[in-house]
Amino acid sequence: MLDKINALRQEIDALKASSAAEVEELRIKYLSKKGEVSLLFNDFRNVAAEQKRVIGQALNELKNQATEKINALRDSLSSTDSIDSDLDLTRTESPIALGSRHPLSLVREEIIDIFRRLGFTVAEGPEVEDDWHVFSSLNFAADHPARDMQDTFFIQRNPDVLLRTHTSSVQSRVMEHTQPPIRIICPGRVYRNEAISARAHCFFHQVEALYVDENVSFADLRQTLLYFAQEMFGPDTKIRLRPSYFPFTEPSAEMDISCDLCGGKGCSFCKHTGWVEILGCGMVDPNVLESCGIDSKKYKGFALGMGIERITNLKYRVKDLRMFSENDVRFLEEFQSAH
């Protein structure tokens, strides 16, 4: 018995391992319930009484030696694994450059934040829409030019399904299922069949706002527009409203802001007019309210809509719309300080 113990002690003393898996295999081989050390303890009951004291002491020393050896192998591997030979200890704490928010996202969130202060909540809808929500419910006549294939992406073989051309479809969806008061802002991507250039793209982003309640007037619309313009472009910004036409509002208007480059004196950016157009707006046409199930004799409303790319151009002077969708990291890095 002592010979077996001494032979096993020499074997354990010479153990080596190059991985944690090998250490675990050694532990199982020597210290598990069916391991070689445990088997010797099982044979201990057959040892003569006069040898039990000597053999028992030798077995305990063997077990302690095996445990210490395996623990030492495990610790040596752990310290080795913690030191990566390929690790560059001279590199900075944050070696990977952080990304930045897209300029359109920055402006979108700023617009939403301004309208939230006025009590507007965000509403969203599908980008693949039907004719009713994009056109018919918004008072577009059957022969309106916006229905022409040159402007709208229709789904093949189904002329009633299309990619939305404006986020006004979200307004009609909300009005169908919600009774006034309604105060929403609708940001989202829209699509139009246009040639891609520095000034136009086949997809872009809009933000539209809708307010429907009792006794809503054009004065409410104007004050909302003035607040937005001064919050977005500065407290000295002035606005002007010019008569226009949209199928879903009556009366309708285009809104200009005073050019912040020249202070309204006239420059090449504002084409020497002192004004820059930024959005369209108007009082919601009664036909739109009625088609969406709202009593136009009791409720009035106003709506406004703007292109996020347009506002971003004015804010950051980006001259080419294509840069917003090209994912050029050099371009995006310019907006890191704008967070």
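This report describes the overall form of a predicted model of a protein chain and then turns to one residue, Ser258.

## Overall form

The protein chain contains 11 helices and 10 strands. Its radius of gyration is 38 Å, well over the 20 Å that the globule rule gives for 339 residues, and the chain is therefore more spread out than a compact globule. Taken along the principal axes, the box filled by the C-alpha atoms is roughly 115 × 50 × 40 Å.

Among contacts between residues at least 6 apart in sequence, 66% join residues that are at least 24 apart.

## Burial, surface and charge

Of the 339 residues in the protein chain, 41% count as buried. The accessible surface of the chain comes to about 19,400 Å², and carbon and sulfur atoms account for 50% of that area.

The side chains of the protein chain include 41 that are positive and 51 that are negative, and the centres of these two sets lie 3 Å apart.

Ser258 is found in strand E8, which covers residues 249–258. With a relative accessible area of 14%, Ser258 counts as buried, because this value falls under the 20% limit used for that class.

When neighbours within four places in sequence are left aside, the residues in contact with Ser258 are Asp236, Thr237 and Lys238, together with Gly274 and Trp275. The picture for this position is thus of a buried serine in strand E8, in contact with residues that include Asp236 and Trp275.

Note on methods: Residues are numbered from 1 along each chain as its sequence is written. This is a predicted model: local features need pLDDT of at least 70, side-chain atom pairs count only at pLDDT 80 or more; totals for chains, interfaces and linings use all residues. Side-chain values use heavy atoms; hydrogens and water are left out. Helices (H or I, at least four residues) and strands (E, at least two) are DSSP runs, numbered from the N terminus. Buried means under 20% relative accessible area, exposed over 50%, partly exposed in between (1.4 Å probe, protein chains only). Contact means heavy atoms within 4.5 Å. The radius of gyration is taken over C-alpha atoms; the globule rule is 2.2 Å times the number of residues to the power 0.38. Accessible areas come from the Shrake-Rupley method with a 1.4 Å probe; for residues, only the protein chains shown count as cover. Lys and Arg count as positive and Asp and Glu as negative; His and the chain ends are not counted. The place of a charge is taken as NZ of Lys, CZ of Arg, CG of Asp or CD of Glu.
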